[in-house]
Amino acid sequence: MRREIPTFIAFFVGVICIIQFFIPHWPFGTMVDTFSDWFIILQSFAIWLGVLNLMKVSLERSLSKKKTHDRWYGFVVVLSFLLIAVIGMFFSGGREFQVPGSRFDYLYVNVYTPLSSTMFAILAFFVASASYRAFRARSWEATLLLAAAFLVMLGRAPVGDMLTQWAPEGAHMSDIANWIMTYPQVAGQRAIMIGIALGVASASLRLILGLERSYLGGD
Amino acid sequence: MAEPRPSFLTRMMRIDRRVIFVFIGVALIFPLFFSISQRIQVSPEVAMLTAAFEKVPDGALVLYSLDYDPPSAPELQPMAVTAFKLGLKKKFRMVIIGLWPQGPQQADQALQSALRDEQFKDLKLTYGLDYVNLGFQSGNEAVIQKMGSDIPTTFPRDYAGTPVAELPIMKGIKNLGNFDFMVNISAGYPGTREWVQFGVDRFGLKMISGSTAVQTTEVSPYVGRQLLGLMGGMRGAAEFEQLSGFPGRAMKFMVGQSVAHVIVILFIIIGNVAYFATRGRKE
Amino acid sequence: MWMDSPNWVTFGTWVAALLTLGIMSFLYKDNKVYKFCEAVFIGISAGYWFVSYFWQTLLPRLGDPLVAGAKSFFSGSPIWGSLVLFIPLGLGVMMLLRLIPKTGWLSRWPLAFVVGYTAGLRLITFLQSNAMTQLQNSVQPVVRYDAAGGFLAWESFNILLVTVGTFAGLFYFFFSKEHKGAFGRVARLGTWFLMITFGAAFGYTVMGRMSLLIGRLDFLLADWLKVIG
Amino acid sequence: MLSGLACGLLLACTALAQDMPTGTGSPDTAAIAAPVIAQVPPPGPATGVTATDAPNDDGEALIVSWTASPDDGAGLRNVSSYRILRAEAGRPSGAPFDTVGLATAGNTQFIDGTTNPGRDYIYVVAALAMAPTPGGAPVEVSVQSDPSQPVHSRAQWFHTGRLNSLFAVLIVGGAILYFIARARSGKSLFIRKIGGLEAVDEAVGRATEMGRKIFYVPGTQDMDEVQTLAGITILGRVAKVAAEYEADLEVPVARSLVMVTCREVVKEAFLNAGRPDAFNEEKIYYLTDDQFGYAAGIDGLVMRDKPATMFYMGAFYAESLILAETGNSIGAIQIAGTAMPAQLPFFVAACDYTLIGEELFAASAYLSKEPKLLGSLKGQDVGKGIILLTILLGILLTSIGAITLKTSELDKLGWYNIGQWFDVQ
């Protein structure tokens, strides 16, 4: 029973989701709307689980007998969490917690935003180091990767057009870059997308029909 | 004994990534100190966009939907600022919303910095009459759908909690059909694609869009019939600033961006030259 | 408002600037400051989503309707709408039973629900938006004419190129056939197109990524150090 | 303008009214005395208002259409928009019409998506013009049309616009199920090599030799993403290999639902490998739901633990390159797999092996060698074959059409353009 009932639930919910797509009539559409509501509710339950786990792991790390030098960072995690959670739950005007000027918003603007923006921003460095390392003409395939990247990058920078001013109209670097993006690039993209569609369809079908239920674990 | 020092070319093949980081960092920081700006060739999409702006009559009712968050702000904020400057210049009545929770905040900042422009020093803007910020609503494309039929019930209160019925600018605004023009600046979902599918296709909005560079390829097919213009990434923003006569952050940022971009290209060249040179030697 | 006071604004900017530098220090090497910022980031972001989920989802979608249902129950009005909510509530509780080893297996019910919902919705949307739309985009005459009926050789070549590329790419994705002989050669051509696609897409995004960093640098130099205008 | 009045229609001048009150008696045709601004010529009315049931819906919409006012884009050119008004057919006389929406000038159709199935509705369309007043706000001048016949909306039992999707599902699903059934009956199936997966054993083995950890990242998205499920299924196989090699596997995740599932899967894998005692739930833990917070956490972990092998299998966004570059900088073997087209280039550039798109979904079947899963791969191939042939046929037909009609515009190709069968609704 530990696997049969879940398998049936997945089947039932999956089939309803497919049916509502073809039958506009009540009740299928309403059912799927309800399901999506439930899914979001489940997510908001799940985060409790995640946070409890995070607290447990962090505290264990900090309180462990092993005297590692970075054990105190566990406390930092817990305290940061408690700081924003307590402020957001009790001291930021309840449901208006996100309104500019609230204490929660202050933390959001001055702590959360710089951290996430900076993490995103270091991509600028990583994209550079990855380009330098990966775009080498080691093999024919690697050469194609390099050539496409190189031409498109040149075409996107003003310097590309400056270097190709001698070329006739329509054959400047930016035109070449555009050509690569609109034709060969699209061809590869299409093959990938069609492949993905079939992969998703097949995986979904296996999940709905219970042919693949490793996600449920053992008995 | 120490190993023999690797040759210059071998070292060029294995440059420590931190060296590259330094070059990129310097390239991006340095131009920020100067007010040099390069003239850029304007793409047809941005030219269309600026022309579409110009065509909107002064005093028109314009919807601004800012659908992005701080991480995407470097590319998109300059667009928003310039779009607000044009709005102020043309005395648009501006209604601001966001489909992303942080959008309305970004809009507020953008409008404030637009107002700091020399041209608008003496401008007295009245909240609730000249512009309003209706804030964020969750629901993604469903919000657009709902705005198509009834805006006051979709946004019952503004950003600051004032009922919309008390705001003079909202008098007579029933749905999306009431707007003469719309500016959308977006970093992904929900954003330009949804506005086109639900706002333009179903309710006939006249709309222009500013997108992140990454998203531009996805939305560029809409330009023409569904979008009256499109600006993509920092470059699009800089072109827009140049055309609209409000040189700003993007034109300044563009220089650093181009330089850093060229540095990446140079490193790729160095790596390959070294690779080929050393390979030849071994043979 | 309290946070408009200059001291709070300055304090906030300093915190933001130091955190920015702390994360960037990782680029040189892992260090104590980064570890601290990382720990703050994990805690703050987990808390951010925790609070957001509570106020924006749990309360309006579950708490409020249940309270409303309880009120109508006592006033004798119909309560079917809120009775249904006991299902997600139950599933949510089963999820939390994970914490008790003996009842952990009950969390499979909500999991199965999520999996079924995902699979059902994605099955169709992917077939539609990926397969059918791409198929439709691929169906185009490879012989191109201009408005006056004149043959366009270059355009025709381009469409032919996309077609060949799409076909070859799809050949690469065939799993049940060995990539040998003529089939293998076409599949190999497919990988060439895939490589061009990846290279071009990578090259296209490099510039956009640079702008993200400009934003942070601008913050440090203009808002924090105030050395540029 | 005169013709509008001559039609005996209602003329109302209201200053920006939301709901239009109508007079007593026969409310649909009665006139209300206009209080102000006689000097502004009202526009001609819209005519021929009809309402029909919107097709393919759950019965909560009607399509209202009308013939444009003579002053819309022509004549006086002063129509700015149309207001669509609705009332229930059996309402008490004198009950007001409700505004259900506005349509800008130039439109002759409006979809009212707020009807109740089974109730009869009557519609009136008012043409609106803005009249300037001396020294005041412009005032709206409107003229109403004749009311429409009563209609009600109906729900449909089949969405006719999605017949093509139904065929697609039946064909692809049928092919997959057919080959699964065949595989189960013992037919052996050939499956080609998938580079990245051949390397799994080697990568796990290397970690064991070096005495370092293996990190497995099942994407950064939640369970409502099929890629996450594919990533978790692959985790099952990797965990089994890791258990056999006695390697140290760690799974930091970004979603707690994913954490729960991964624990089930890894536990089962260790059991199957005959080492249930070696399973440690704590090795699968949650960091944060946040995209970049998670990336920051993984970066730190990678720098400190220096894992020998890193797997990235699932759905990723911009964090893909942050993770892969950091993994690369410590010299880990990296095997990635994702069906996010935008992130594939970064994994290809920074990882040793990358499963591209569909390969991610094929991986679980490939690794398990279970007949039913292998059968589904064969079914996918048949699906691709059908798509290839359809594209080929379509290109041939449209090209023939193009040559015959001397045009390559799809709209003009008529039946030659079979691409139109695949319109998605």
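In chain B of this predicted model, strand 5, residues 207–211, runs parallel to strand 6, and three bridges join the two. To place this pairing on the residues themselves, look at G210(B): M231(B) of strand 6 stands opposite G210(B).

These two strands belong to an open sheet of six strands in chain B, with parallel pairing and the order 3-2-1-4-5-6. Strand 3, residues 131–136, and strand 6, residues 230–232, are the edge strands, and each of them pairs on one side only. On average, neighbouring strands of the sheet are turned by 10° against each other, direction ignored. Helix 8 of chain B, residues 192–203, packs on this sheet and touches strand 1, strand 2, strand 4 and strand 5. The direction of helix 8 makes about 165° with that of strand 5 of chain B.

The loop between strand 4 and helix 8 of chain B deserves a brief stop, for P190(B) has its place there. The peptide bond from Y189(B) to P190(B) is cis, with omega near -15°.

I turn now to chain D. Here, too, six strands form an open sheet with parallel pairing, in the order 11-10-9-12-13-14. The edges are strand 11, residues 284–286, and strand 14, residues 353–356, of chain D, each pairing on one side only. From one strand to the next the twist averages 15°.

Within this sheet, strand 9, residues 213–217, and strand 10, residues 248–253, of chain D run parallel and are joined by three bridges. Which residue of strand 10 is the bridge partner of I214(D)? The partner is L249(D).

Helix 5 of chain D, residues 256–272, lies across strand 10 and strand 11, and runs at about 175° to strand 11.

Elsewhere in chain D, N56(D) is found in the loop between strand 2, residues 47–53, and strand 3, residues 62–67. N56(D) is not a glycine, yet it has a positive phi of about 55°. In general, most residues other than glycine have a negative phi.

Let me proceed to the interfaces, beginning with chain A and chain C. In this contact, 115 residues of chain A meet 112 residues of chain C. Between them the two chains bury about 11,000 Å², 80% of it on carbon and sulfur atoms. How many salt bridges are counted between chain A and chain C? The count is three. D37(A) forms a salt bridge with R61(C), and the closest N and O atoms are 2.4 Å apart. Several helices of chain A give two or more residues to the side that touches chain C, among them helix 1 (4–22), helix 2 (28–63) and helix 9 (184–208). By class, that side of chain A has 79 nonpolar, 25 polar and 11 charged residues.

Between helix 1 and helix 2 of chain A lies a loop that contains P27(A). The peptide bond from W26(A) to P27(A) is cis, with omega near 10°.

Finally, consider chain C and chain B. Their contact takes 24 residues from chain C and 25 residues from chain B. The two chains bury about 2,200 Å² between them, 72% of it on carbon and sulfur atoms. In chain C, M207(C), M210(C) and I214(C) lose the most area to chain B, together 27% of what that side buries.

One salt bridge is found across this interface. It joins R249(B) to D218(C), with the closest N and O atoms 2.9 Å apart. Four residue pairs are in polar contact between chain C and chain B, both residues being at pLDDT 80 or more. Helix 7 of chain C, residues 181–224, provides 17 residues, the largest share of the side of chain C that touches chain B. By class, that side has 15 nonpolar, six polar and three charged residues.

Thank you for your attention.

Definitions and conventions: Residues numbered from 1 in each chain as written. Chains lettered and ligands numbered in written order. Predicted model: local features only at pLDDT ≥ 70, side-chain atom pairs only at ≥ 80, totals over all residues. Heavy atoms only, no water. Pairing = 2+ DSSP bridges. Helix = DSSP H or I, 4+ residues; strand = E, 2+ residues; numbered from the N terminus. Axes fitted to C-alpha atoms, helices over the stretch in contact; angles between N-to-C directions. Contact = heavy atoms within 4.5 Å. Buried area = accessible area lost by both parts, 1.4 Å probe. Salt bridge = Lys/Arg side-chain N within 4 Å of Asp/Glu carboxyl O. Polar contact = N/O pair within 3.5 Å; in protein donor to acceptor, adjacent residues only side chain to side chain. Nonpolar A, V, L, I, M, F, W, Y, C, P; charged D, E, K, R; others polar.
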